[in-house]
Amino acid sequence: MSSEELARKLQRRLDAEQHDPKPRSPVSPVEKEASEEPQPVKPATVNGDATSELTEKLNRRLNIQDGTSKPQKMKVFNPYTEFKEFSRKQIKDMEKMFKRFDSGKDGFIDLMELKLMMEKLGAPQTHLGLKNMIKEVDEDYDGKLSYREFLLIFRRAAAGELQEESGLMALARLSEIDVSTEGVLGARDFFEAKVQALSVRSKFEAEIREEQDDRKKMELERQQRRAAFKELQSTFCS
């Protein structure tokens, strides 16, 4: 290499450093190939409601991590004590219906399971209609119905708090669960409410005794069948 060529190369390097004073680390072939790959395009937000719901969930989680908000404590849920306006039979019917459509067996009814439920009941809903149904009783903002939130549908239907043309009202009407009986909330004054409360309590206790009697009867029949089988077995063995 001649001295003139070497001088030209040094001059070009000096000119490059003057235009870009920051030293650059050598780029490996892998980094060069990765930089040349097209970057993925972020999808545009289509539904503003979905964005706001996600933002609300993220803000709540950040507040919990920062200590400005406390996580909700899990409470033991007892439908018979919390939903006293319904009889044990009504609650059991609601539980059977909930479990029947909880195809994932995870204790929740999600959007697709609710869609199937409404189709089975003969009142199909649009995607937006299903989301609005869940949103109306979704107290924990998880986008699905828990068993307690499912019972809230029937509570609001019985109290007349649902719109006549709403999907939740259609669900309550077509479920074949009678929730039209007036409970303590339907009494007009204190004395009527007191009488109603006593009546509900006595009915609740009567239903418990009836269930206990049924279990005793089934156990007695089982013991009788076992005794008859042993007697028959001893006859053949003798």
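Which residues are buried in helix H6 (residues 111-120)? In this predicted model, they are Leu111, Glu113, Leu114, Met117 and Met118. These residues lie on the same side of H6, because they cover an arc of only 160° around the axis.

**Chain overview**
- The chain contains 10 helices and 2 strands, in the sequence order α-α-α-α-α-β-α-α-β-α-α-α.
- Of the 238 residues in the chain, 21% are buried.
- Among contacts with a separation of 6 or more, 53% join residues 24 or more positions apart.
- The chain has an accessible surface of about 19000 Å², and carbon and sulfur atoms account for 55% of that.

**Helix H6**
- An α-helix has 3.6 residues a turn, so residues three or four places apart point the same way.
- The buried residues of H6 pack against H5, S1, helix H7 (127-137), strand S2 (145-146), helix H8 (147-158) and helix H9 (167-174).
- Met112 and Lys120 are exposed and sit on the face of H6 turned away from its buried side.
- At the N-terminal end, Asp110 caps H6, with a side-chain oxygen 3.3 Å from the backbone nitrogen of Met112.

**Asp102**
- Asp102 is in the loop between helix H5 (88-101) and strand S1 (108-109).
- Asp102 is buried but has no salt bridge; Lys105, the nearest side chain of opposite charge, is 6.1 Å away.
- Apart from neighbours within four places in sequence, Asp102 is in contact with Gly107, Phe108, Ile109 and Glu113; Glu113 is one of the buried residues of H6.

Note on methods. Residues numbered from 1 in each chain as written. Predicted model: local features only at pLDDT ≥ 70, side-chain atom pairs only at ≥ 80, totals over all residues. Heavy atoms only, no water. Helix = DSSP H or I, 4+ residues; strand = E, 2+ residues; numbered from the N terminus. Buried < 20%, exposed > 50% of the residue type's maximum accessible area, 1.4 Å probe, protein only. Contact = heavy atoms within 4.5 Å. Areas by Shrake-Rupley, 256 points an atom, 1.4 Å probe, with all protein chains shown as cover. Lys, Arg positive; Asp, Glu negative; His and termini not counted. Salt bridge = Lys/Arg side-chain N within 4 Å of Asp/Glu carboxyl O. Arc of directions from axis to C-beta. Polar contact = N/O pair within 3.5 Å; in protein donor to acceptor, adjacent residues only side chain to side chain.
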